[in-house]
Each structure stands twice: as structure tokens, then as C-alpha cells.
Amino acid sequence: MSIGLAHYLIVSLILFALGLYCVLTRRNAIGILLGVELILNSANINYLAFSRFSSGQYDGQVFAIFVIMLAAAEAAIGLAIVLGIYQNFHSIDVEATETLRG
């Protein structure tokens, strides 16, 4: 049994669904960041799978590296925001930030 494009797409769909569920249901800011990372990784799987099964060129790998760099920057900025929220509200619950005052 060989692994085809459909297998990669199913794994990507599962990762995307788990990430979306995590983003929509978590009240914890760290959990939301982890959900966004899952969604970005599902996009990477799609880029690599379509690159391998369509053209065989390296364009999918280039996009995946770009998404990995974007995810690293998002994690750094997101953690800085979480630290700022914790510093002001003594909680990382995103509902505690309803009243954002300077």
C-alpha cells in the first residue's frame, strides 16, 4: 500500500480540525497559541503534499519554510502578549482581558 495525496490531506484535515477546535474552545491563551500552531502545521503538510504530487519542484518546501518562520515569529509575539496579559491581570484567561485599559 502506497501513501497517496489523499492520506496527506486527511492528516492535514485532522490537524486543522483539532487546531480549530483548540482555538475556539480554549480560554487559556497558551492553548489558543498551540491551536494556531496546529493550523499552521496542517497548512505545511498541504504545501509539501501538493508540491510532491503535482510538480515535484521545491516551491512547496519554500512555502513551508516561510510558514515555519511565520509560526516562530507568531509564537514569540504571542508569548510576549501572554506575558503582558499575565503581568496586568495575573491570569492568562483571555476572558479576563475584556476590559483592556492602558
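**Exercise 1. Decide whether Phe53 is buried, partly exposed or exposed in this predicted model.**

Solution. Step 1: take the relative accessibility of Phe53, which is 34%. Step 2: compare this value with the cut-offs, where buried means under 20% and exposed means over 50%. Step 3: Phe53 therefore counts as partly exposed.

**Exercise 2. Find the aromatic pair that Phe53 forms, and classify its geometry.**

Solution. Step 1: a pair of aromatic rings is described by the distance of the centres and the angle of the planes. Step 2: a search of the whole structure gives two aromatic pairs. One of them joins Phe53 to Tyr8, with 5.8 Å from centre to centre and 50° between the planes. Step 3: planes under 30 degrees apart would be stacked and planes over 60 edge-to-face, with the rest tilted. The pair of Tyr8 and Phe53 is tilted. Tyr8 belongs to helix 1 and Phe53 to helix 2, so the pair ties together parts 45 residues apart in sequence. Tyr8 has a relative accessible area of 31% and is partly exposed.

**Exercise 3. State which charged group sits over the ring of Phe53, and at what distance from its centre.**

Solution. Step 1: look for a charged end over the ring of Phe53; the one found belongs to Arg52. Step 2: read off the distance, which is 5.1 Å from the ring centre.

**Exercise 4. Describe how helix 2 and helix 3 are arranged.**

Solution. Step 1: two packed helices are described by the angle between their axes and the distance between the axes. Step 2: helix 2 covers residues 29-55 and helix 3 covers residues 59-89. Their axes come within 8 Å and cross at roughly 175°. Step 3: an angle over 145 degrees counts as roughly antiparallel. Helix 2 is therefore roughly antiparallel to helix 3. Step 4: sort the residues of the contact by class, which gives 15 nonpolar, six polar and three charged residues. Step 5: look at one C-alpha distance. Asp59 is in helix 3, and its C-alpha atom is 8.7 Å from that of Leu48, 11 residues apart along the chain. Asp59 is partly exposed, at 39% relative accessible area.

**Exercise 5. Describe His90 and Ile92, which lie in the segment after helix 3.**

Solution. Step 1: His90 has a positive phi of about 55°, although it is not a glycine. Step 2: the relative accessibility of His90 is 63%, so this residue counts as exposed. Step 3: Ile92 has 26% and is partly exposed.

**Exercise 6. State which helix has the lowest confidence and which the highest.**

Solution. Step 1: the mean pLDDT of the chain is 89, and 97% of its residues reach 70 or more. Step 2: confidence is lowest in helix 3, with a mean of 90, and highest in helix 1 (residues 5-25), with 95.

Key:
Residues numbered from 1 in each chain as written. Predicted model: local features only at pLDDT ≥ 70, side-chain atom pairs only at ≥ 80, totals over all residues. Heavy atoms only, no water. Axes fitted to C-alpha atoms, helices over the stretch in contact; angles between N-to-C directions. Helix = DSSP H or I, 4+ residues; strand = E, 2+ residues; numbered from the N terminus. Parallel < 35°, antiparallel > 145°, perpendicular 65-115°, else oblique. Nonpolar A, V, L, I, M, F, W, Y, C, P; charged D, E, K, R; others polar. pLDDT = per-residue confidence, 0-100. Phe/Tyr/Trp six-rings, centres within 6.5 Å; stacked < 30°, edge-to-face > 60°. Buried < 20%, exposed > 50% of the residue type's maximum accessible area, 1.4 Å probe, protein only. Lys NZ or Arg CZ within 6 Å of the ring centre and 35° of its normal.
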